[in-house]
Amino acid sequence: MAEVKSTLVCAVILLSSAVFALVEDLDDTFKDSRMDDVWLVDFYAPWCGYCKKLEPVWQEVGAELKGSGSPVRVGKIDATAFAGVASEFGVRGYPTIKLLKGELTYNYKGPRTKDDIIEFANRVAGPAVRSLPSKQMFDHVMRRHNILFVYVGRDSPLKEKYMEVASELIVYTYFFAASEDVLPKEVTIPELPAVVVFKDGAYFTYDEYQDSSLSSWINKERFLGYLQIDGFVLYELGETGKLVAMAVVDEKNLTEDSIRLKTLVQRVSTEYRDHFTRDIQFGHMDGNDYINGLIMGEVAVPSFIILNTSNEQYFLPSGPLETMDQLLSFINSVLDGTAQAQGGDSIFQRVRRLAYDAKSTVMSVFQTSPVLGCFLFGLPLGVISLMCYGICTAETDDGAEDLEPLKREGLTDEEDDDEGQRQPMELEGPGGEGEGEPQEEKSLVDKKAD
């Protein structure tokens, strides 16, 4: 029985060692040898809480990529111990995830989950533009992806530009190329070559004259027309330059008003796509906590809000939006500049943001750990109080020390005043009272002797 237990322990140790070996610990020699492989690297700091939280996920990423036969090698490097390497790759925060492919470096900005990181690694490690040689392959890819960018046609300057943009934006989405006969029969393209995006059950073609640069058009079209929005998605939408129009609802308690508002926003996103797609991204957000923190105020649930992430302005309707006409009228008022903007990035708003964040941090600490909050904020207050008390008592002691010699001399102001007040009384008193003068003098002599 003992032998079985020891065997199991050894097996567990060997298995753990094998798993951890799938993530390589890197040092400053890495920058000289990395060119031969594709690397997915975690730049971390030992004291960073987020880095510690990522560690088990990173081990799973290494194990799965190795097990699937991926050419991507997974490593991690202490950016504090090897600061020169971290500086060379532009690391400014922890953890930072980068995929290194030859001379190219790609930053990962997505959620720190195993599936998202692996999907990023496999997408970026492959070719920037993948070929779709058959209809079967096209159908297969369409089933796997909600959004599909496809270059259609032969070699051309547009294809060169497409390849260039794909190399830059592959961190966000896949890019494909196909001939016209591979596309479904219902897809008709007026002119070749062309760049087409398939999404929302339809397809849309890039227009060089209306859509400005190809890079800008792809960056805006890489999202579905209507999204469920959270903090991370909102951050990504900020790179598109679009306004974000969304319904704020409670998904766990959908009221009739919430359902009606969501439906109206969804209808606008599809029925008026051609009118708004270049300027506005539509969606909804579950709960108002994030929005409240963003605007430093209180947003009712349900409600509709339009955010300008480029300058931190936001727009709220003056009343409830119950019909399509009311919603369209409000959106158009924002676009034509007649709606009143709130918030912004002025100096006043920045100072207000600092105060709000400080207050939120203090409240969060006290709510999660009252004892820790009392220690963090009570200790400095206690030290300051002691310092003030010390200063005050020091001044009092100095005054007492100055008075001590005077007391010994019998020359304090109080005694002088008392003597001055008593002297006229002795002169004006009756003869019988004059007998008390020697006694008074004796009393003063006694005081001096004391």
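# Reading a predicted chain

Tutor: Start with a caution: pLDDT (the predictor's confidence in each residue, from 0 to 100) stays under 50 over residues 423–442. For that stretch the model has three contacts beyond four places in sequence, a contact being heavy atoms within 4.5 Å.

Student: How should such a stretch be read, where pLDDT is low?

Tutor: Where pLDDT is low, the predicted coordinates should not be read in detail. This is a predicted model, in which local features need pLDDT of at least 70 and side-chain atom pairs count only at pLDDT 80 or more, while totals for chains, interfaces and linings use all residues. Residues are numbered from 1 along each chain as its sequence is written, and side-chain values use heavy atoms, with hydrogens and water left out.

Student: What is the mean pLDDT of the protein chain?

Tutor: The mean is 81, and 77% of the residues reach 70 or more. Over residues 7–20 the pLDDT is below 50, and this stretch has three contacts beyond near neighbours in sequence.

Student: How many helices and strands are there in the protein chain?

Tutor: Both are DSSP runs, numbered from the N terminus: helices are H or I runs of at least four residues, strands are E runs of at least two. The protein chain has 18 helices and 16 strands. Among contacts between residues at least 6 apart in sequence, 70% join residues at least 24 apart.

Student: What is the strand order in the open sheet of six strands?

Tutor: Strands of a sheet pair through backbone hydrogen bonds, either parallel or antiparallel. Here two strands count as paired if DSSP finds at least two bridges between them. The order is β11-β13-β12-β14-β15-β16, and the pairing is mixed. At the edges are β11 (226–228) and β16 (342–343), each of which pairs on one side only.

Student: Which pairs of strands show the two senses?

Tutor: β12 (residues 243–249) and β13 (residues 280–286) run parallel and are joined by seven bridges. V248 has M285 of β13 as its bridge partner. Helix α10 (residues 256–271) packs on the sheet, with β11, β12, β13 and β14 (303–308) among the strands it touches. The direction of α10 makes about 155° with that of β12; axes are lines fitted to C-alpha atoms, for helices over the stretch in contact, and angles run from 0 to 180 degrees between N-to-C directions. Helix α13 (residues 324–335) also packs on the sheet, touching β12, β13, β14 and β15 (313–315), and its direction makes about 20° with that of β14. For the antiparallel sense, look at β12 and β14, joined by five bridges; A247 stands opposite F304 in β14. β14 and β15 are antiparallel too, over three bridges, with I306 opposite F315 in β15. Four residues lie between the strands of this hairpin, and E312 takes a positive phi near 65° there.

Student: Is β14 mostly covered or uncovered?

Tutor: Cover is judged by relative accessible area: under 20% is buried, over 50% exposed, and in between partly exposed (1.4 Å probe, protein chains only). Six of the six residues of β14 are buried. S303, I305 and L307 point one way, while F304, I306 and N308 point the other way. Of the 450 residues of the protein chain, 35% count as buried. By contrast, E256, which has its place in helix α10, is exposed at 64% relative accessibility.

Student: How many salt bridges does the count come to?

Tutor: A salt bridge is a side-chain nitrogen of Lys or Arg within 4 Å of a carboxyl oxygen of Asp or Glu. The count comes to 17. In one of them, E239 meets R222, with the closest N and O atoms 3.8 Å apart. E239 lies in the loop between α9 (231–237) and β12, and R222 in the loop between α8 (214–221) and β11, so the pair ties together parts that are 17 residues apart in sequence. E239 is partly exposed at 30%, whereas R222 is buried at 9%.
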